[in-house]
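Welcome! Take a moment to look over the model below, and then we will walk through some of its features together.

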Amino acid sequence: MLSTWKSWTAGAALAIGVMAGGNVMAQDAKPAPEKAPAAELPAFPADKSVKQTTVLAGKTIAYTATVGSLPVRDEKGKKIAEVVFTAYTLDGPRDPNRPVTFAFNGGPGAASVYLNFALGPKRVQFGAEGDSPSAPTRLQDNPASWMDFTDLIFIDAVGTGFSRSTTTPEETKKRFYGVKQDIDYLSRIVFDWLVKNERLQSPKYIVGESYGGFRGPRLTYTLQTDYGVGINGLVLVSPLLSSAGRTAQEISPLPAMWTLPSIAAAKLERDGKLTPAAIKDVEDYTRGEYMVDLMKGSDPAALDRLTAKVSAMTGLDPTYVRRAGGRLETQSFLREVFRQTGRLGSRYDSNVTSLDPFPFAPEQEINDPILDSIIAPTTSAIVDFTTRTVGWKVEGRYDALSGEVNQAWDRGRGPDTESVTDLRKSVSVDPKLKVLIVHGYNDLSCPFFASRLVVDAMPATANGRVTLANYAGGHMFYSRPDSGAAFRADVKKLYGAN
């Protein structure tokens with residue numbers, strides 16, 4: 001859920017996740033005040049649990065909520081970090097067939113609070129049009145929860161939530177803030193939790209949102225091959241699996257191809273015409289005539305066709321479209337589409353808007369409408385739940401979105417800029433592994449069409465085991481009740497739950 005701030009926003013994506021060229025869920029998040037060094041803070045308390053209930057699909061479910069931590073150790077056994085988790089496990093006799101699901105958000109620099117309130121037994125409203133940071137944050141039963149068919153373990157990466165490094169800033173960056181390092185210690189955290197809680201025999205699933213979706217295939221392959229832990233299923237929520245469409249924008253058609261379908265989908269939604277058939281027409285045009293005309297450069301006939309077709313699909317002024325050569329840059333579009341109303345659209349859902357406080361400025365002068373609005377309700381709700389409801393009393397700052405982590409992140413080169421390779425290898429290693437990739441149509445940080453191209457290019461033998469589903473909404477489409485319900489139904493099929 002973050003980005004490389006202003007330096008990367010010009011054509012990139014983010015929000016609860018992206019990678020190499022930026023991140024995804026805190027595109028313009030402001031750098032957070034530095035946390036106090038771990039040595040100056042009291043030790044974490046022991047794990048703490050509380051019994052709770054929730055009503056889901058008409059049934060009352062009794063479960064235990066646990067907040068605790070797991071250590072990360074270096075080669076000599078010295079503790080160099082403490083990773084905090086929130087676990088929801090079903091009460092009653094243990095069913096050996098009950099799955100356990102590990103959930104990761106993105107950024108890099110986003111805590112798991114967003115997926116917690118999307119999939120966990122309780123929820124607080126955030127991320128939709130009209131949501132207010134000062135609205136009450138009392139938790140309510142979550143009708144879209146997965147609690148009736150899997151236990152849920154939400155992991156906060158080092159530097160997010162209450163998770164913290166216990167070593168120097170330089171060593172922290174070296175050990176934790178990079179693509180490979182991230183996977184190395186988080187896969188060990190999954191393994192350690194399974195061993196500690198005697199769940200190695202349970203069916204195991206991973207869900208990752210945004211950059212967490214980028215993590216998902218890499219975690220799966222590392223667990224399969226380095227730790228001997230087979231993963232039964234993988235759910236990737238609003239992921240960006242490759243940075244290929246973020247480079248060479250001057251000559252490559254991919255950056256424009258990735259974003260056009262989401263911009264067109266937002267227009268279809270505003271017009272009440274968003275249907276699978278309409279999206280299919282958009283996708284066919286994007287990978288056909290649109291791509292060909294983009295590659296013809298400044299050819300007048302191609303530019304005429306692009307201007308006419310793209311203007312009609314998006315509702316944008318033909319003069320604006322022609323000036324852009326049919327290539328719609330995200331941040332510019334988000335101001336242009338709502339310019340007459342003096343509002344800004346969010347790259348996480350372009351139909352979620354806020355007042356533009358500086359409408360005559362040459363560039364956008366405020367952070368993203370969704371990112372700025374979700375920090376207060378989610379942070380207040382999870383900290384109150386952790387410290388008051390569960391009673392895990394901790395001294396320290398909670399980082400829902402850490403600009404410090406995001407800016408320190410080493411995004412690597414070459415293989416570190418994509419997870420498609422590990423997705424393919426994971427599916428090849430395990431012929432029973434199933435993967436569900438899900439997106440909101442209006443997400444411009446991690447566009448659904450990027451995953452469409454990835455899924456369509458998978459080997460034929462993976463057909464039916466790697467699927468894509470799209471819903472109304474944006475990066476956090478689950479904030480809409482209908483989309484959350486549809487997502488839950490699709491995930492239940494993946495898990496084989498009745």
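This report visits aromatic rings, a helix, a cysteine, a pocket and the cavities of a predicted model.

## Aromatic pairs

Let us begin with the rings. A pair of aromatic rings is described by the distance of the centres and the angle of the planes. In this model there are 23 aromatic pairs. One of them joins F44 and W392: the ring centres are 5.1 Å apart and the planes meet at 50°, so this pair is tilted. F44 sits in the loop between helix 1 (5-9) and strand 1 (48-56), while W392 sits in the loop between helix 11 (369-389) and helix 12 (403-408), so the pair ties together parts that are 348 residues apart in sequence. F44 counts as buried because its relative accessibility is 11%, below the 20% cut-off. W392 is buried too, with a relative accessible area of 0%.

A second example is Y471 with F487, where the centres are 6.0 Å apart and the planes are at 55°, so the pair is again tilted. Y471 belongs to strand 14 (residues 466-471) and F487 to helix 15 (residues 481-495), so parts 16 residues apart in sequence are tied together. Y471 counts as buried at 5% relative accessibility, and F487 counts as buried at 2%. Both rings also belong to a cluster, in which ring pairs link W146, F149, Y205, Y471, F477, Y478, F487 and Y495.

## Charges over rings

Some rings have a charged side chain over the face. R164 lies over the face of F44, at 3.8 Å from the ring centre.

## Helix 15 and a cysteine

Just after helix 15 comes G496, with a positive phi of about 70°.

Now for C446. Is C446 buried or exposed? C446 counts as buried, because its relative accessibility is 0%. You can find C446 in the loop between strand 13 (434-440) and helix 14 (448-456). The C-alpha atoms of C446 and D182 are separated by 20 Å, and these residues are 264 residues apart along the chain.

## The second largest pocket

The second largest pocket holds about 350 Å³ of space. It is lined by 15 residues, and those closest to its centre are V72, R73, D74, I80 and Y185. Strand 2 (59-73), helix 3 (169-176) and helix 4 (179-196) are the elements that each give two or more residues to this lining. Helix 4 provides the largest share, six residues. By class, the lining of this pocket has seven nonpolar, one polar and seven charged residues.

## Two cavities

How many cavities of 30 Å³ or more does the structure hold? There are two. The largest cavity contains about 80 Å³ of space. Of its 13 lining residues, T86, D156, I382, T386 and Y398 are the closest to its centre. Strand 3 (79-90) gives the most to this lining, with three residues. The lining of the largest cavity has eight nonpolar, four polar and one charged residues.

The second largest cavity has a volume of about 40 Å³. Its lining is made by P239, L240, L241, S242, W258, A450, S451 and V454. Helix 14 supplies the largest share, three residues. This lining has six nonpolar, two polar and no charged residues.

Definitions and conventions: Residues numbered from 1 in each chain as written. Heavy atoms only, no water. Phe/Tyr/Trp six-rings, centres within 6.5 Å; stacked < 30°, edge-to-face > 60°. Helix = DSSP H or I, 4+ residues; strand = E, 2+ residues; numbered from the N terminus. Buried < 20%, exposed > 50% of the residue type's maximum accessible area, 1.4 Å probe, protein only. Lys NZ or Arg CZ within 6 Å of the ring centre and 35° of its normal. 1 Å grid on protein atoms, 1.4 Å probe; cavity = no way out; pocket = protein on both sides within 12 Å on 5 of 7 lines; lining within 4 Å. Points joined across faces, edges and corners; volume = space filled by probe spheres on them. Nonpolar A, V, L, I, M, F, W, Y, C, P; charged D, E, K, R; others polar.
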